[in-house]
Amino acid sequence: MSRLNAANLEIAREIMSRYPVVRSATIPLLHLSQEQNGYVTREAMQQIAELVESTAAEVYGTASFYEMFKFEPIGKYCVNICRSISCHLVGGDDLVEHAEHVLGIKPGGTTADGLFTLEAVECMAACTEGPTLQVNYRHRFRVTHQDFDQLIDDLRAGRLDAEIPPHGTLARERQHIPADKAAGNVSPDTPITPAWMEAAQ
Amino acid sequence: MTDTASTAEQPEAPAPDPNAVQVTINGVAHTARKGQLVIEAAAEAGEYIPRFCYHERMAPVGKCRMCLVEADSGRGPAVTVSCMVQVAPDMKINTESPTVKRMQEGVLELLLANHPLDCPVCDKGGECPLQDQAFSHGPGESRFVEEKRHYEKPIPISELVFLDRERCILCDRCTRFASEVAGDPLIHFTSRGNNTQVNTFPDEPFASYFSGNTVQICPVGALTAKPYRFKARPWDLDQTESTCTSCAVGCRTVVQSSRDEVLRYQGVDNDAVNWGWLCDKGRFGFEATNSESRLQGPAIRSGDGFTSVGWNDALDQAATLIKAAVAAGGASAVGVIGGARGTNEDAYAWARLAHDVIGTPNVYAHLADALRSEILEMPRATINEAASATTIVLLAPDLKEELPVLYLRLRDAAEKKRSRIIEFTARKSGLSKYAWKSIVSRPGDEVEAVRQALTEPEIAAQIAKGDVVVVAGKANLAALGTLQTDAILKVLEAAPGAKVLPAYRRGNIVGAVQLGMNPGPGGNSTAKILADAAAGTVKCLVLLGVDLVSDFPDAQTVERALSSGVSIIAVDTFLSPTAQRANVVLAAAAAGEKNGTVTNIEGRVQTVAQKINVAGTSRPDWMIATELAARLGKDLGFTSVDSVTEAIAASVPAYADITPTALKSARDGLLAVPTPSASLQPSGQQAEPANGYDYRLIVSRELYDLGINNQMSPSLAGLARGLRLHMHPSDLERVGVADGASVRITTERGAKVVTVHGDAGLARWTVWMPFNQPGGSVNDLISASGLVADARIETV
Ligand code: SF4
Ligand code: SF4
Ligand code: FES
Ligand code: FES
């Protein structure tokens with residue numbers, strides 16, 4: 001099941017239809033596959049290559065540039081704690097240490113129950129609010145050790161399910177572009193005005 | 001008005017060249033061309049700017065920053081990447097200012113920061129741009145004392161290429177080559193920042209037919225080729241320029257050897273043919289020359305085996321066999337087959353021996369795998385003309401498999417939008433995805449496919465633009481080429497000014513045909529000669545580097561001929577399965593062991609050069625033919641290879657200007673093309689419609705097969721993909737088998753069980769099989785004697 005399932009394949013085709021050059025859909029499709037499996041599988045990359053008419057090496061080359069794409073199974077919650085200078089000055093590193101202790105894993109590791117993956121990361125652009133962390137890329141600011149414990153408790157108990165979807169889901173509201181508004185794949189050589197542009201004119 | 005007359009007398013000032021751009025390079029005025037990159041303009045002016053990523057045959061990317069210069073376009077000198085910036089009027093370029101020098105030192109210090117500096121154990125050491133430029137432009141010392149980046153030392157990225165990521169400077173040459181030139185983007189930069197590396201998709205190798213080129217253009221020792229690793233140091237190598245004869249494209253190469261052993265081929269950049277590229281079969285096929293299995297000298301049959309004999313005895317014996325055949329059945333009882341493996345001189349000497357000395361008309365160079373030689377009499381296109389034509393019409397085998405570097409050139413033409421490709425094929429080829437139109441039709445329908453296409457206004461309009469080149473070759477080994485030829489003639493009828501580039505495959509096949517390896521009056525093709533041998537009217541076969549047993553698309557006819565009691569003289573470099581059946585085996589010199597000339601598909605005559613001594617006592621073919629002629633009572637008058645080249649110039653009109661002297665100064669060789677004559681007429685024949693059960697059979701070649709040179713090159717021997725059968729996925733369903741299952745194929749000649757795969761690139765009701773692959777032959781299923789071939793497919 002690590003290729004896109006039927007429902008997602010349909011979504012993939014809609015995503016592809018948004019771009020004049022189908023290759024442009026590479027990254028959205030990578031997100032879609034990560035949403036399905038929690039990480040980007042080998043088979044998904046091969047399938048995406050077929051869909052966007054490139055090679056698996058090109059898809060992997062593109063995907064591996066981005067930290068947010070994972071190529072190994074990862075916890076349901078990816079906890080990133082900032083260790084850059086501003087956060088460091090207000091206890092970022094202590095927070096990392098505390099997290100290691102609470103979760104029983106080192107940065108890069110995943111808890112045995114598959115719930116949490118811990119990462120110590122660079123600046124997350126919230127330097128005035130340190131120490132900062134993210135759970136599945138949702139920010140938490142001025143995080144005390146008690147805040148952290150509470151957060152983990154809440155996540156375990158499912159109290160934050162509404163706010164924080166499992167790793168891989170970027171947004172619960174899926175963008176949907178009606179067929180008549182999609183650009184449609186056109187060869188760059190074809191002098192066709194994309195549908196949306198035509199409508200705008 | 002009064003001075004009109006005197007003005008008219010003034011010589012007109014030459015119109016200023018609109019493309020000229022005046023620049024100053026290191027204080028010296030230079031006329032560059034509009035759009036030219038600063039790095040190129042400087043090179044023309046004699047200033048070599050150091051570089052790593054820039055390569056003349058690929059788009060610039062500005063990756064390495066080694067080529068920084070100062071350029072002043074009127075606002076003061078500014079540091080500029082000379083491989084990315086075009087010349088501008090009055091630009092002042094400085095390639096050696098103190099600023100430039102400091103920057104070059106800085107760039108090199110950074111490039112070397114992570115470099116392992118393992119030159120003493122690196123294959124590139126001694127010919128490494130990084131080493132050379134660090135020496136000439138580097139700071140001499142590094143301030144970097146931290147731990148360097150570490151990776152697992154070389155990892156194989158394909159069967160032929162190793163990658164040492166620690167040495168890589170991320171110049172993007174190999175990756176650009178793979179996607180931009182070869183169209184096989186199977187290597188890519190992965191990860192980011194300090195972790196950026198070149199790599200493949202995990203466990204999916206860089207299986208490109210052109211992978212060896214990345215090794216040649218890597219500016220450091222990051223990419224190394226398995227056949228050459230740790231074999232020699234550049235300063236031990238001795239080299240000479242030559243031409244690849246693995247196929248008929250005729251790529252220019254340098255042959256490098258050490259201690260009388262060929263160690264490496266490198267591509268030579270010439271504008272006319274290969275632009276510096278080689279395919280891997282051409283690049284690594286030299287291993288066969290060094291093979292321990294090479295014939296070391298002549299031998300004659302004794303019982304089931306062979307006895308080595310001296311040349312005199314062997315030649316006497318060969319002459320006796322020929323005389324006996326002539327005495328028993330007249331001159332035409334001798335058949336001389338082949339000649340494409342050797343040089344022009346070899347082919348010419350054999351042709352003279354056959355026609356003038358023996359007097360047989362039964363002389364033939366093709367092995368039922370090529371269109372009739374008359375296509376060489378059509379107006380011939382050069383490779384450059386084909387690769388810049390408005391329209392390229394493909395009615396040929398898969399060029400990626402058979403003429404790889406021609407594939408690169410035509411792919412480039414389509415990718416750079418110079419040409420539109422219209423392809424007619426029975427199975428999608430390597431060029432299909434670059435074709436403007438790729439029209440798939442079943443064998444038997446090719447003429448109709450062309451006719452229909454030409455009625456489409458869009459295609460008709462495209463053809464009507466003129467400047468059409470037809471690439472013409474036999475696409476199906478299971479049938480005669482008659483219908484393919486008719487289809488080609490149909491295109492030519494619609495495009496009267498069109499030129500033809502013959503897609504002949506064997507090394508010097510064009511030279512062999514143009515120099516007389518053709519039937520004389522009443523003479524026959526190879527298939528008929530073999531049938532006559534089986535019937536007993538041909539009594540002696542002279543086989544010039546041809547392996548009929550594995551390489552002729554009709555095993556039954558071959559077997560009947562070889563077991564008919566015909567006497568066989570095999571002139572070969574190996575004891576091939578066919579040579580094993582010979583009465584006399586004459587050991588021939590191989591590529592790299594002899595001088596001479598060869599003629600490629602466009603008619604370009606280029607030199608091949610001897611780099612090492614022959615294996616054992618082998619001799620070049622022309623010498624063998626000359627000595628055999630002497631024993632048959634005639635002196636061909638050839639005393640040296642040059643004397644043969646001169647004799648060709650004196651007697652073959654197309655080669656009149658091609659003398660050893662003229663060749664010396666011709667950088668891109670010289671064209672030898674016969675005056676066109678419209679000797680081919682459409683046959684007008686039509687294939688029987690297939691019955692409702694059978695599939696049309698296509699058999700074609702892949703680059704790697706059981707060909708003896710391939711198999712005798714250890715690095716290439718394992719690359720053949722193996723026997724299998726392809727059919728359209730819907731046909732798979734019809735037969736009721738799954739992809740990967742086995743089916744039985746039955747033809748008029750026999751039956752076989754093979755693995756089947758779905759292939760959407762095939763027309764419905766068509767099956768495809770590769771020729772001469774490990775895992776079972778196909779030539780015992782086909783006869784290459786009908787307009788089409790049909791096969792029944794059943795489950796097992
Ligand atoms: S392997 Fe060689 S050619 Fe490829 S990027 Fe690295 S240095 Fe450049
Ligand atoms: S394309 Fe042909 S001539 Fe060129 S390197 Fe390959 S085998 Fe040799
Ligand atoms: S340093 Fe932590 S968010 Fe910027
Ligand atoms: S050669 Fe110009 S940046 Fe590399």
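Analyst: The buried residues of helix α20 of chain B are covered by elements that include α8 (311-329), α9, β24 (567-572), β25 (584-587) and α21 (641-651) of chain B. Contact here means heavy atoms within 4.5 Å. Helices (H or I, at least four residues) and strands (E, at least two) are DSSP runs, numbered from the N terminus. This is a predicted model, in which local features need pLDDT of at least 70, side-chain atom pairs count only at pLDDT 80 or more, and totals for chains, interfaces and linings use all residues. Residues are numbered from 1 along each chain as its sequence is written, chains are lettered from A and ligands numbered from 1 in the order in which they are written, and side-chain values use heavy atoms, with hydrogens and water left out.

Helix α20 of chain B covers residues 621-631. Its buried residues are B:Asp621, B:Trp622, B:Ile624, B:Ala625, B:Thr626, B:Leu628 and B:Ala629. Buried means under 20% relative accessible area, exposed over 50%, and partly exposed in between (1.4 Å probe, protein chains only). Just after α20(B), B:Gly633 takes a positive phi of about 95°.

The largest nonpolar core holds 212 residues. Such a core is a set of buried Ala, Val, Leu, Ile, Met, Phe, Trp, Tyr and Cys residues joined through side-chain atoms within 4.5 Å. The members that touch the most others are B:Trp350, B:Leu399, B:Leu406, B:Leu410, B:Val470, B:Val471 and B:Met517. Helix α9 (residues 344-358) of chain B gives this core its largest share, 9 residues. A second, separate core has 24 residues, among them B:Leu477, B:Val737, B:Val767 and B:Ile793.

Take B:Val471 on its own. Leaving out residues up to four places away in sequence, B:Val471 touches B:Ile392, B:Val393, B:Leu394, B:Leu395, B:Ala396, B:Leu399, B:Leu406, B:Leu410, B:Leu501 and B:Ala503.

Next, strand β16 of chain B (residues 334-338). Strand β16(B) is largely enclosed by the rest of the structure, because 5 of its 5 residues are buried. Two strands pair if DSSP finds at least two bridges between them. β16(B) runs parallel to strand β23 (residues 540-544) of chain B, joined by 5 bridges. In that pair, B:Gly338 stands opposite B:Leu544. β16(B) also runs parallel to strand β17 (residues 363-364) of chain B, through 2 bridges. There B:Ile337 has B:Tyr364 as its bridge partner.

Now the domains. Their bounds come from an automatic or database domain assignment. Chain B is assigned domain 1 (20-96), domain 2 (299-370 + 509-671), domain 3 (373-502) and domain 4 (695-795). Between domain 2 and domain 4 of chain B, the C-alpha centres lie 31 Å apart. At their contact, 14 residues of domain 2 of chain B meet 12 residues of domain 4 of chain B.

Strands β8 (residues 187-190) and β9 of chain B run antiparallel and are joined by 4 bridges. B:Phe189 has B:Val198 as its bridge partner in β9(B). This hairpin has 6 residues between the strands, and B:Ser191 takes a positive phi near 60°. In a regular strand the side chains alternate between the two faces of the sheet. Both faces of β9(B) (residues 197-200) are covered: B:Gln197 and B:Asn199 are buried on one side, B:Val198 and B:Thr200 on the other.

The other group is an open, antiparallel sheet of 3 strands in chain B, ordered β6-β7-β10. The edge strands, each pairing on one side only, are β6 (155-156) and β10 (223-225) of chain B. Strand β7 (residues 161-163) of chain B pairs with β10(B) over 3 bridges. B:Leu163 stands opposite B:Leu223 there.

Chain B also lines ligand 1. 13 residues surround ligand 1, and the closest are B:Cys168, B:Cys171, B:Asp172, B:Cys174 and B:Cys218. A residue counts as near if one of its heavy atoms lies within 4 Å. The shell divides into 11 nonpolar, no polar and 2 charged residues. Ala, Val, Leu, Ile, Met, Phe, Trp, Tyr, Cys and Pro count as nonpolar, Asp, Glu, Lys and Arg as charged, and the others, Gly among them, as polar.

Last, chain A. Chain A has 8 helices and 4 strands. Buried residues make up 45% of its 201 residues.
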